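Please describe how this structure is built.

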Amino acid sequence: MKSAIRLTTSDRLFHVIVNTCLLLILALFVIPIWSTITLSFRPNTFIGSALDGMLLPPWEWSTAAYKALLGHRTFIVSIFNSFRIFLEGVASALFLTVPLAYLLSIKTLPGRKFLYGLVLVPYLFNVGLIPNYLLVSKLGLMDHLAAVYLPGAISVYNTLIMKSFFEGIPEELKESARIDGASELAVLWKIILPLSKPILLTIGLYYGVHFWNDFFNAMLYINDSALQPLPILLRNILLSSGMNEYVEVNAFGEAPIAAIKAASVLLAAIPMLVAYPFIQKYFVKGTMLGSVKG
Amino acid sequence: MKKMKGILFCFVFALLVAGSAFAQADKLTTIEMWYGAAITEAGPPPDDWVVYKLLREKFGIDLKITAEPSNENDQDVKILAAAAANQLPDIFMVRRDPWQVLIKQGLVAPVDDMYALMPNRAPNHFDKDSIAFTTIRGKSYGFAFPGSLQKNEGLVIRKDWLDKLGLKMPATLDELYDVCHAFTFKDPDGNGKHDTYGYGAFVELFDQEQYLGRRFDPIMGAFGVAGTWNMTAANFGLNAKKPEFFEALQFVKKLVDNKVIDPDWPSLKKDDFRAAWKQGKFGVMREQMAALAAAANYAPFDKNFPNGEWAALPPPKGPKGLSATGIYDSNYRIYAVSPKAIKAGKKEAIAKFLDWMATDEGYKLIGWGVEGVNYSMDANGDITDKNVPADTKFSSPKGQTVTQLRNMVFYNSDLELAARYPYYKTANGRTLGPRTYLGTFQSYPWTNVTGSGTIAPSPNNADLKRYINQSVQEFVLGKTPLTKANFDAFVVQMDKLGAAAWEKAARQQMEDNGYLQ
Amino acid sequence: MRSETGAIELKASAGRSHPFWKNLKRQKSVYLLASISLIYFVVFKYVPIWNAQIAFKDFMALDGVLGSPWVGLQNFRDFVNSYYFWELIRNTVMYSIGKMLASIPAAIFLSVSLYECRNYYLRKTVQTIAYLPHFLSWVIMYAILLAILSPSSGILNDLIKLMGGKPISFLTETKAFPWIVVLSDTWKEMGWSAIIFLAALMGIDPSLFEAATVEGASAWQRVRHITLPSIRPVIVMVVLLRLGTILDAGFNQIFMLYSLPVYSVADIIDTWIYRQGLLEFRFGLATAVGLFKGLFGLMLIVVSNKLIKRRTGSGLY
């Protein structure tokens with residue numbers, strides 16, 4: 001990206017500072033994440049401060065927490081449900097968001113201002129739990145996985161980001177297609193979408209993570225235990241001490257509660273962590289032509 | 001003619017199909033139940049659970065159950081949201097506060113005529129008190145199933161620390177303070193580090209245990225102000241307004257100021273608190289007998305401190321010679337029935353179902369599972385988890401899934417206690433178990449507040465509660481100086497927020513029902 | 001305005017040559033496709049708004065939305081006159097603005113640093129690690145924070161004690177708690193928020209940079225004059241959108257971290273609503289506060305959009 005021109009000292013200093021800042025940021029993130037990882041492997045017999053816990057050598061780690069979770073039938077079923085929600089949710093969300101975002105990005109669209117207002121109003125008036133619950137139950141979505149992702153399938157925030165991206169695609173490309181007689185739909189399909197990989201992946205990921213982590217909708221709308229996604233199970237594990245009166249039996253055997261909590265959260269985050277690096281490479285390609293306009 | 005025969009045949013066939021469909025529909029009544037799981041994270045019963053089959057064949061009941069979230073707030077939200085959309089299930093467990101709201105909205109059905117349909121349940125589950133617990137304005141709006149054992153908590157102290165420091169068991173509040181001081185500063189675990197404290201607690205609030213919460217009640221009890229309400233006829237009212245309460249706060253503040261109490265107490269949650277004592281962080285605490293001494297819960301502590309020993313400690317006596325570990329009330333779980341279910345004619349089916357659960361067959365199936373698979377009977381006629389496969393015994397993860405409804409059948413019988421709280425040997429050879437402590441805990445002084453559980457909430461409940469509890473903590477932590485003037489101002493403000501009116505209404509209600517002592 | 005000559009040559013029909021109708025014809029295919037989205041939008045966003053009329057009613061579940069009696073502005077009055085009203089507003093706004101002031105610059109800083117970093121491994125590593133905390137729920141964040149901030153066993157206080165100071169109880173000190181909320185949220189979301197800025201940065205035309213380098217601009221100047229201004233529209237949009245939801249200060253986080261000693265600086269509108277509106281079945285009240293928040297946010301967006309548009313030329317609309 002940069003031509004081979006000799007660096008001035010000011011530039012060299014610039015890069016040293018950038019790298020140093022990044023290293024500090026790295027430390028800022030590694031330390032707490034490392035403490036969570038060591039927490040998930042902490043054996044039941046550990047006594048000591050958190051600092052000691054972070055320095056525990058790997059051969060003293062215990063996999064009891066992971067064994068307990070992965071051997072749990074409910075855990076496996078809920079991961080499967082979460083995957084379904086993720087895939088169905090992202091597909092629905094993109095299918096619904098892209099046309100709307102594109103529509104809004106067409107500067108010459110009749111009724112554009114009205115449409116824009118239509119989209120912004122619900123963003124501000126988050127009417128809360130009950131009005132949404134009434135709707136979902138009337139639509140017959142109770143006990144369907146769709147109840148988890150459908151209410152949030154169009155996020156105004158994501159729509160506007162996508163619209164902004166579409167607007168940044170140079171007019172010339174769209175114009176030349178239009179002059180050739182293409183309908184807007186064709187323009188969208190043949191020109192815009194192929195150039196939109198980065199934004200589709202980004203927004204898709206935004207939606208996907210949101211659906212994957214949602215527990216509130218699942219708790220309200222899913223009663224069938226065969227359909228419950230991971231966050232519900234996690235929340236029960238993580239907050240169970242509020243209710244568990246028959247405390248004589250630990251549902252998870254030998255691992256300390258704190259390790260179970262840490263392990264369950266890390267396990268829940270793994271699919272996302274695995275998916276992201278694959279998507280990352282699409283950002284590295286600076287294939288966008290033209291700058292992003294407002 | 002052939003055509004006629006064909007049509008006739010089809011007609012008869014259709015009739016038969018329709019008839020059998022109707023017959024099927026006739027046979028099976030679906031009951032939808034939201035229950036409070038014994039251990040939510042263990043998962044629901046499997047689809048081929050023997051109870052489902054039995055209910056279908058014996059009573060024509062198709063049971064569909066959903067576990068409520070284990071967190072109490074989540075439970076309330078789920079129930080209230082469903083209530084708002086008029087989508088409550090046929091029968092569901094509900095906490096008292098939301099239940100009272102639902103009654104006002106007409107979303108739970110009166111069940112007075114169902115008690116007579118449950119002869120098996122009556123002896124152990126329904127008595128005068130339990131029916132009174134769910135009676136509002138003359139009608140019973142739900143079933144009160146026995147909750148967990150009463151008085152099953154108590155103060156315990158690290159006996160090994162006392163011995164090491166040559167101290168004796170504290171009997172008064174001042175002696176308790178001295179012991180806490182020693183535990184903090186005289187290195188009772190002998191590891192050369194200043195990492196131990198005297199008293200350990202966290203804020204655990206219940207309806208009848210507000211202010212600083214249950215874990216501080218042994219201290220509050222020394223001043224006669226344990227629990228939310230004072231239920232004596234002479235002195236009825238909110239404990240937070242009493243002058244003795246001011247003195248109690250002063251003592252707690254003394255603990256805090258001199259750092260002889262674990263400083264994390266304001267922000268710990270229950271699991272953190274339990275993890276802390278298993279790591280030897282403090283030496284005096286109020287704990288539940290099974291959380292303390294059940295094999296699975298004691299094991300980590302035992303591993304860390306094989307010679308550690310928790311001895312039951314009678315609650316310390318205060319300046320006027322009073323003492324109490326805490327309060328006790330009748331403790332019930334409410335299961336309510338929705339009016340929709342009654343309208344759909346499910347009343348008898350629900351009664352039959354609940355009643356069957358209390359028969360010997362139902363009691364054992366739901367409480368422990370199948371004999372030979374999940375449990376076995378030993379020589380004394382006690383239920384144990386020995387002599388059955390390790391992966392299906394009722395204490396195993398798989399076994400726990402078939403006993404998720406046990407809270408609906410248990411009534412704290414001896415059979416249950418023996419099965420749930422077996423004895424075992426600790427690392428240094430002692431025989432231990434929750435029952436070691438139970439009898440002792442129950443023998444210590446407790447303040448009786450029966451009836452206070454039925455007090456209707458004040459109109460400004462949330463804000464008033466927050467104001468009181470927040471102010472109390474601010475006093476104790478030194479954010480507001482604990483002076484008589486400030487305390488008096490606190491009481492005045494409480495009244496402005498509705499405390500005085502609430503006390504008046506509550507007093508009337510308690511008098512009407514004969515609960516004042 | 002686009003030229004119309006091409007269009008007129010192709011479609012030689014008279015009368016319907018007005019741009020509006022031309023556009024409509026051309027765009028009807030997209031309108032058609034978007035019609036599904038629009039229907040969805042109306043159903044899932046506007047029907048709840050219709051349901052939200054319970055803000056003006058005393059909601060009775062059995063009577064439903066239409067059958068419950070009207071109480072006019074009583075719910076709003078209950079909210080505004082409640083004992084803690086001003087404290088709630090103050091706390092909510094404080095957290096929203098605080099988080100915005102901390103997190104947006106942090107995200108921009110991170111994204112620009114990553115963009116400018118020439119060391120492939122460093123960039124990759126930071127990029128991958130920084131977004132991880134976003135996936136941690138606040139329940140586990142609470143545990144992490146406790147391990148760091150606990151006055152008796154936290155890492156930070158261990159260090160303070162080593163240096164001879166008194167341990168600070170961060171989570172229960174009214175002076176420290178707001179900082180913890182803002183900083184922990186920034187830490188958690190910084191990497192994730194940086195993604196959107198990074199995507200925008202990737203979209204900057206490289207030729208602009210080459211031109212600048214040829215003209216002898218230093219790296220600092222390049223960042224100041226090209227990089228940052230190029231993503232200004234995105235920054236503005238993000239800021240405005242966040243302003244619109246200024247009264248949403250992060251329920252999950254506060255709910256996990258707060259406790260009675262710090263209620264006075266921690267209780268936000270949503271936690272109050274949770275206790276007062278939800279747990280006490282006062283859904284009319286809860287919905288009324290939702291509308292209140294929305295109106296407030298709307299006003300804020302309208303005003304800020306005007307101001308920001310005047311100053312920088314770009315706005316939300």
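The report below goes chain by chain, with a table of domains on the way. The model is predicted.

**Chain A**

Chain A is built from helices. It has 14 of them and zero strands. Along the sequence the pattern is α-α-α-α-α-α-α-α-α-α-α-α-α-α. The chain has 294 residues, and 47% of them count as buried. Among contacts in chain A with a separation of 6 or more, 77% join residues 24 or more positions apart.

Chain A is split into domain 1 (9-62) and domain 2 (69-284). Where these two meet, eight residues of domain 1 of chain A are in contact with eight residues of domain 2 of chain A. The side of domain 1 of chain A in that contact holds three nonpolar, four polar and one charged residue.

**Domains of chains A and B**

| Chain | Domain 1 (residues) | Domain 2 (residues) |
|---|---|---|
| A | 9-62 | 69-284 |
| B | 28-147 + 332-368 | 153-329 + 429-455 |

In chain B, each domain is assigned from two stretches of sequence: 28-147 and 332-368 for domain 1, 153-329 and 429-455 for domain 2. The centres of domain 1 of chain B and domain 2 of chain B, taken over C-alpha atoms, are separated by 35 Å.

**The sheet of chain B**

Chain B holds an open sheet of five strands. Their order is β2-β1-β3-β14-β6 (chain B), and the pairing is mixed. Which strands stand at the edges? They are β2 (61-67) and β6 (143-146) of chain B. Each has a single partner strand, so one side of each is left without a neighbour in the sheet. From one strand to the next, the twist averages 25 degrees.

Helix α15 (residues 347-357) of chain B packs on this sheet. The helix touches β1 (29-35), β2, β3 and β14 of chain B. Its direction makes about 55 degrees with that of β1(B).

Strand β14 (residues 332-337) of chain B pairs with two strands described here. With strand β3 (residues 91-94) of chain B, β14(B) runs antiparallel and is joined by four bridges. In this pairing I91(B) stands opposite V337(B), and F92(B) stands opposite A336(B). β14(B) also pairs with β6(B) in the antiparallel sense, over four bridges. There P146(B) stands opposite Y332(B).

Is β14(B) mostly covered or mostly open? Mostly covered: five of its six residues are buried.

**Chain C and its contact with chain B**

Chains B and C touch. The contact involves 25 residues of chain C and 29 residues of chain B. On the chain C side, helix α15 (residues 269-278) of chain C gives the most, with three residues. By type, the chain C side divides into 15 nonpolar, eight polar and two charged residues.

Helix α6 (residues 120-130) of chain C has three named buried residues. These are V126(C), Q127(C) and A130(C). Why do the buried residues of α6(C) line one face of the helix? Seen down the axis of α6(C), they fall within an arc of 100 degrees, so they line one face. An α-helix has 3.6 residues a turn, so residues three or four places apart point the same way. On the other side of α6(C), Y120(C) and Y121(C) are exposed.

Methods: Residues are numbered from 1 along each chain as its sequence is written. Chains are lettered from A and ligands numbered from 1 in the order in which they are written. This is a predicted model: local features need pLDDT of at least 70, side-chain atom pairs count only at pLDDT 80 or more; totals for chains, interfaces and linings use all residues. A residue is buried if 20 or more other C-beta atoms lie within 10 Å of its own, exposed if 12 or fewer, and partly exposed in between; C-beta atoms are placed from the backbone. Two residues are in contact if their C-beta atoms, placed from the backbone, lie within 7 Å. Domain bounds come from an automatic or database domain assignment. Ala, Val, Leu, Ile, Met, Phe, Trp, Tyr, Cys and Pro count as nonpolar, Asp, Glu, Lys and Arg as charged, and the others, Gly among them, as polar. Two strands pair if DSSP finds at least two bridges between them. Axes are lines fitted to C-alpha atoms, for helices over the stretch in contact, and angles run from 0 to 180 degrees between N-to-C directions. The arc is that of the directions from the helix axis to the C-beta atoms.
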